[in-house]
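Open the model in your viewer and keep the selection tool ready. The tour goes stop by stop, with something to select at each one.

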Amino acid sequence: MSGVNTVALARRLADVRRQSMALAEGLSAEDCQLQSMDDASPVKWHLAHTTWFFETFVLDGQAGYRAFDERYRVLFNSYYVGVGERFARPQRGLLSRPSLDDVMAYRRHVDEALAQALRRGPTPRQAELLTLGLHHEQQHQELILTDLLHHFSVNPLAPAYRPAAAVASSPPRPMRFVDHAGGAVEIGAEATGFAFDNERPRHTVWLAPYALADRLVTEGEYLAFVEDGGYREPRWWLSDGWDAVQRLGWRAPLYWREEAAGVWRRFGLLGLQPLRTDAPVCHVSYYEADAYARWAGARLPTEAEWEHAAIVALAEGRAATGTLLEDGRFAPQPARPVADGGLAQLPGDCWQWTASAYLPYPGFRTDEGAVGEYNGKFMVNQMVLRGGSCATPRSHWRASYRNFFPAGARWQFSGVRLAR
């Protein structure tokens with residue numbers, strides 16, 4: 001970065017930090033303490049860890065900066081081996097101390113120090129790291145919601161994070177497939193502007209002709225797969241996926257609950273509600289997305305196909321945005337109308353599984369130092385998702401964004417877009 005606009009950076013810092021606090025509004029200290037599984041973290045930990053990131057990578061070593069509490073260096077380190085010791089992830093819910101009030105005081109301490117650094121004028125490298133920290137915090141805003149949903153899901157009271165308005169379900173509009181000629185196309189982030197290191201370098205790939213569905217698969221369409229015995233028929237499943245179905249007892253997407261024979265409801269941030277035939281199916285694993293695609297006579301797109309189709313739709317003004325975090329809906333919504341040949345839910349509503357393993361692009365290079373651990377070391381045993389979700393901040397998303405999770409992960413807002 002050069003010619004840093006400190007006023008704009010300060011404004012963005014305030015907005016992002018305020019958004020995290022808004023997500024915690026209405027939650028009790030007990031809510032913020034919950035950890036329902038090893039892969040999910042307490043809300044309190046997310047609020048502290050994002051603060052730790054700024055303290056460690058932007059403020060540490062600056063003249064005059066005093067750490068809020070040196071012990072936090074270990075408590076709130078996630079996976080940065082180069083920084084030092086880390087508290088075990090599966091035990092984050094055991095950290096009753098520091099209290100939620102202490103974590104809020106920690107945030108205020110670091111926010112004030114960041115404001116002072118911006119008033120003094122950051123170096124280009126500090127501005128780079130601060131910008132990375134903002135996008136890092138926006139990632140954790142998604143995780144606050146996805147993890148809290150899982151925490152609440154184990155409570156028999158089925159608590160709602162936010163109140164739900166009554167809505168009527170209607171049949172989804174027919175799914176259309178948008179054809180693309182393929183050929184030599186460029187994907188990846190441009191050399192300028194913010195992007196994570198795993199989005200670069202931009203490079204050329206060859207695509208055979210393909211078609212991408214103009215909207216996501218709905219709950220009604222996925223219910224037909226369930227009712228057709230999709231979870232009892234091994235021919236639709238990859239071997240590892242069928243093993244998960246048998247071993248874990250999967251019968252439907254993660255938060256679906258069968259209250260009577262053939263009568264399903266779905267638990268979400270808005271509480272327990274009937275399925276919506278027109279809303280996207282969500283909280284499915286890669287295995288489930290792939291099995292559904294086979295059953296439907298289609299497949300999942302590669303990430304190169306997905307990005308190329310997205311770039312074309314956005315450039316031609318044929319993209320209809322779905323639900324994002326700022327919309328405050330906290331659940332995927334039915335696809336909005338889209339121009340013929342365009343793509344709905346771009347971005348928004350649900351992250352979309354692709355058929356691509358999470359691997360480095362040709363010429364990929366990690367950043368120097370501990371911050372270089374951000375993405376590169378996870379490039380194994382993960383699949384790529386594209387598209388953003390109802391928990392994704394609007395200013396955080398771009399067409400080159402590569403999300404990634406293990407093939408069996410289901411607690412994220414992950415859905416299905418078909419390809420042929």
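Select Gly348 to begin. Gly348 sits in the loop that links β9 (343-344) to β10 (351-357). Helices here are DSSP runs of H or I with at least four residues, strands are runs of E with at least two, and both are numbered from the N terminus. This is a predicted model, in which local features need pLDDT of at least 70, side-chain atom pairs count only at pLDDT 80 or more, and totals for chains, interfaces and linings use all residues. Residues are numbered from 1 along each chain as its sequence is written, and side-chain values use heavy atoms, with hydrogens and water left out.

Is Gly348 buried or exposed? Gly348 is buried, because its relative accessible area is 0%. Buried means under 20% relative accessible area, exposed means over 50%, and partly exposed is in between (1.4 Å probe, protein chains only). Now show what surrounds Gly348. Not counting residues up to four places away in sequence, Gly348 touches Gly322, Thr323, Leu324, Gly387, Gly388 and Ser389. Contact means heavy atoms within 4.5 Å.

Next, follow β10 into its sheet. Four strands make an open sheet with mixed pairing, in the order β12-β11-β10-β13. Two strands pair if DSSP finds at least two bridges between them. Look at the edges: β12 (403-405) and β13 (414-415) each have a single partner strand, so one side of each has no neighbour in the sheet. Select β11 (residues 383-386); 3 bridges join β11 to β12, and the two run antiparallel. Within that pair, Met383 has Phe405 of β12 as its bridge partner.

Move to another sheet. Here the order is β5-β6-β7, an open, antiparallel sheet of 3 strands. β5 (256-260) and β7 (271-274) are the edge strands, each pairing on one side only. From one strand to the next, the twist averages 35°.

Take β5 and β6 together. They pair in the antiparallel sense over 4 bridges, and Arg257 stands opposite Arg265 in β6. The two strands form a hairpin with 2 residues between them, and Gly262 in the turn has a positive phi of about 75°.

Then step along to β7. β6 (residues 263-268) is joined to antiparallel β7 by 4 bridges. Arg265 has Pro274 of β7 as its bridge partner, while Gly268 stands opposite Gly271. This pair is also a hairpin, with 2 residues between β6 and β7.

Show helix α6 (residues 219-227). α6 lies across β5 and β6, at about 65° to β5. Axes are lines fitted to C-alpha atoms, for helices over the stretch in contact, and angles run from 0 to 180 degrees between N-to-C directions.

Now select α2 (residues 43-59) and α5 (residues 124-153). The two helices pack at about 170°, with axes 9 Å apart. That angle makes α2 roughly antiparallel to α5.

Last stop: the largest nonpolar core, with 116 residues. Among these, Leu130, Tyr161, Tyr222 and Trp256 touch the most other members. A nonpolar core is a set of buried Ala, Val, Leu, Ile, Met, Phe, Trp, Tyr and Cys residues joined through side-chain atoms within 4.5 Å. Which residues does Leu130 contact, leaving aside its neighbours within four places in sequence? They are Leu9, Leu13, Phe54, Val58, Leu114 and Leu118.

Key: Parallel < 35°, antiparallel > 145°, perpendicular 65-115°, else oblique.
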